[in-house]
Amino acid sequence: MPTRAERGVTVLHDPRATPSNDGSMAEIAVDVVAIHGLNGDAEQTWTHRDSGVLWLRDLLPEEIPAIRVLTYGYDARIANFTSQQHLRSISIKLISELVDLRRTDEEKHRPIVLVCHSLGGIVAKKALLLDRLSADKLVQDCVRGVMFFGTPHNGSDIAATGRILATLVSKISPLNAPRALLGMLRRNSQELFEMTEDFVKRRGDIELVAFYETRRTRVGCVFKTMVVERSSAILNVGPENAIPQDADHVQLVRFSDTEKTKFRPVLYRLKEWVDRFRCDPSSEPTQTASDRSSAANAGHLAVTTPRAVFLGPSGEPCQSLYGRARELAEMEEFFSGGRFQRHTFALCGLGGVGKTRVALCYVLGHILQYKCAVVWLNAGSEASLENDFHRLYDALQLSRPGDKVEAVKGWFSQSHNQKWLFVFDNANSPDKVGLEKYIPIVNWGHIIFTTRDQAVMGTLCQRWIELQPLPKEASVSLLVETSGPANSTQPDTQAAEEVAKLLGYLPLAMVHAAAFMRSRHKTFRQYGHMFATGRDQLLGFTPRVGLQQSPVLRTWELSFKELEQDSQDAVAILLLFTFLDPASIPEILLHRGCTANRRWGDNGEIVDVAAHGEGVEEVFASLLGNEFRLDDAIERLLALSLISCQTGPDKWRTFSIHPLVQHCVVHRLSADKVRIWSRQALLLVCHAFPRNRYLEPSNGVIGRRLLPHLRRVLLEYDELCKSGDSQDQTPIFRHALASTLLSASRYSDTHWKLEALARTKRVLSQDGDPFLNAELAHRGRAVQRMLGATDIEKTVLCETFDPGAQAGQHARQASKKYNAQLGEMIISSAGGLIREGKLEAAEAKLRQWMALGTPSTLESITLRAQQMNLCKILRLRGAFELALAKLDSVFRESMGGVFFEGSGWHMVLVWELAGLLCEVGDPVRAERILLDTLKPMAEANILDIRNGRRLRLSLAETYLQRHMFDQAEQLLYILKDAFDSDGQLDNLAQECVFRIWMMLARKSHMQFAWSEALSRWRKALSVLESIGYGHGAHAVIVRKSIGHALWMDGTGDENQVQRILYQAASDWGDINRIYWEPRFDSAWHDHIEKALQDRGEGPVRPPI
């Protein structure tokens, strides 16, 4: 536990403490004095907890050598305050100690910078307001800059908690708790107000920076709170530099690295001050408080000197900013480089995302550094720009005749007028207003654009940020802290998160929602219920006073009208995006939705089906298929920031649209238009969705990307059905939707798979298409097997037909396409017999199916699957060499085939082949073919699909076989964590979990780690019992392994071992030996049997 530092002023760094090599005396330009806060410490307050870095000593002197660093400590613990210790005595002690430390004439006149955390800022203000002797006054006059970190200039809510704690302390301690001091810290405290007012009046030319927290601080173990809000952390006088930091109250003054974004703004300002104070400590002019107040008054023009112009925005002041610390830090870093060389920055984004507020907060935090002018211009139209330039002309008191815009630009183009900042706000149509003609053509000055038009990025500006909706945590903070007493006293954080999610984390929407709840005294839960039934009314809400922004429903109305006038293509794309999943709309969806896609024809061969052949309107498909028209439409939408665009590593674009934009678009449409476009979106997604795993190697990757859009358009389809729309009765619509649902049932979780199949069944309830109904039965059986519902699995198949009977009776009359699907059904039925251990019946079932004449392409694929299952039967019987020869032949024949690489059946083939290679003692080749398949899966980011996990289990088996135990265990635990994160697992997943524990147990067993092996074997047995396999062949081998481990460990008595082995022997009596799991049912089983016999167990006797 670190000890607290000494009280008083302590020198942390003195450049003159270490003599230089040449004997010269090091320069000290400034004394930096750090003052900690309530419950703080002279060193611990400034020390990073994890790294132990005390930045005042360890970082600051390396970056700014010409400073002496001091820290002032006082007893700030609540428990140790006495009634006699108060701010005045703490402040007097600070000044007195600085007088004693600064003895030489050079030291007495050396500039001082105060760095203050929390209560330390109040101590500093009090110290500067003291009426003292001349020596003390000299120290006060040397203070040239004050850096506040989370100082409660206007009080703090947390102080109310502190007051309660102080009262409790007073009951159990002989010392009096500082109730008066803590009471003074309450929000809107009269003492604080008077102190701040006096400080502002008497500060002279002291420069100020206020850093404030944006994260809530944990108080005790119960709750988090914003200790000092922004409104309290700044003095609200100009020029004042107010900077948000992505930290809580404690971490606000702790830095571990000079490269950290939180430390850079602190370091930059200290460097700037030291450089300025070193050159000429008295160079900065003194401004009166009235000057600053007038300059900071938003919406008015003030001229303090001929070279200090502040033209501020109209509207409400920037009182708070949530979740934008990173953006402000990026702006600050950009503008701090190169001093006042030309720097142009753009804040782009959707209307309502907070561009103007971010720009305003930057301006208010950096007014001090722009000695020439800060000019806020309304760039929404040419008229507004002309008007603002005329106001600026008058403010500069220019008398040049002629063009006032050119006169103003000329003034800012003079070499002695370089330190200026222009903000072009609402520059949403830079081409229409001719924005470039208002920008001075010089190589100095800073310019910020706020715009919806993303075309400015890289053209008018050097750097830009596309603002996104707020992070969830910041959104919740905004709602909790601004939605009124009904929500702030005991906030329902979960309900606040739900409201923020409903509003898409859009700042404008949340500000309006907070105003609604505040004015109507509604809770978050009440707002959420109202949103479900009256969304339009809530989004159309405008408060009677305060907010000046348009309600959400009208925020983008001008953009919509502009689109309708300028580009019907852009309108069409916007309408399509409105009915898709908003978060990620891949360009490949648009591409596949308009082009011909591969399908199986009735003859079992590939046919290309055009988009209009599956219901997509030709006019719309033509738009999507014309690259120039599509790009023009996208550009128009980006110009209004109605959508966003990102380009991925695969060079395909991905678009997104805010859900509230989607709602506002729908709000403007008639019911008929909603029906047309929702149906068009559904048909487009269906056409784009990969229908068959054999047709496209990347079907899984594409299918998973498009699945969210299918689920979204299905919601719209449900609404169509409720309204009585009968369009789904057309065969084209039914077949497109059913085929898509069947393909999509291969992805995502079990709940979705069951939903997809139920939807397909409803769509096909009046349709006799044999291929689709057969595929429905096949997929239904596969899902039920996945769930472990073997009885339902059989029922699903029987509800459609008996595959064996149908094969002989109808196959010759069926199409080749249907015959191939029938083969899939027979293979599926044989798979059920294999799982029951009925290998002979399964083989007979498989041989029932054959192609119709010369096999079609689709029938050839089914023949291949038939051969794979016949090889599997050979493996299960123990004919490993023969099975390997046949399966290897299938594998080699398939190499390079159109329907091979990347397809699901290819992964199954590789899994089977790798298992056989392990059985015959060739794990090296097994590893090679596994990695050849896994590497492209990793590149496609699909390693975590079911087949990907099975392949990695096989890879772990190759490691075990070669005694590469560390690699095996590492991979198995990765897979275990993946299954643990899935939540509830189906039967197939549980079987994989058994394999994980079984392989981990074998690894421990082979390393003679008996206790660990026993634990893992028991976990494997537990999994088997949970899925109804507690008395099967695998359970027998596991119990024998447990018995052997108990003997070797010496922890089990003879009766315990006998009971386990007797149970294994009893279960084994009814089981035919089948080699289910590679190596486990063969080599490992034989190893354990021999090990038990070597110990003299012989035939297992019943336990006593």
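So, over the face of which residue does K1040 lie? It's W1068, with the charge at 5.4 Å from the ring centre. For this, NZ of Lys or CZ of Arg has to be within 6 Å of the ring centre and within 35 degrees of the ring normal. K817 does likewise over the face of F771, at 4.4 Å from the ring centre.

Quick word on the ground rules. This is a predicted model, where local features need pLDDT of at least 70 and side-chain atom pairs count only at pLDDT 80 or more, while totals for chains, interfaces and linings use all residues. Residues are numbered from 1 along each chain as its sequence is written, and side-chain values use heavy atoms, with hydrogens and water left out.

Staying with rings: a search of the whole structure turns up 32 aromatic pairs, meaning Phe, Tyr or Trp rings (the six-membered one for Trp) with centres within 6.5 Å; planes under 30 degrees apart are stacked, over 60 edge-to-face, and the rest tilted. Take F516 and Y527: their centres are 5.9 Å apart and their planes at 70 degrees, so that's edge-to-face. F516 is in helix α21 and Y527 in helix α22, 11 residues apart. Helices here are DSSP runs of H or I, at least four residues, and strands are runs of E, at least two, numbered from the N terminus. Both F516 and Y527 are buried, that is, under 20% relative accessible area with a 1.4 Å probe, protein chains only.

Then there's F994 with F1080, centres 6.1 Å apart and planes at 70 degrees, so edge-to-face as well. F994 sits in helix α46 and F1080 in helix α50, so the pair ties together parts 86 residues apart in sequence. Those two are buried too.

There's also an aromatic cluster whose members include W411, W420 and Y438.

Now the sheet. Which order do the strands take? It's an open sheet of 7 strands, β1-β3-β2-β4-β5-β6-β9, with mixed pairing. Two strands pair if DSSP finds at least two bridges between them. The edges are β1 (8-13) and β9 (241-245), each pairing on one side only. Further in the list, β4 and β5 run parallel and are joined by 6 bridges; C116 has F148 in β5 as its bridge partner.

Methods:
Buried < 20%, exposed > 50% of the residue type's maximum accessible area, 1.4 Å probe, protein only.
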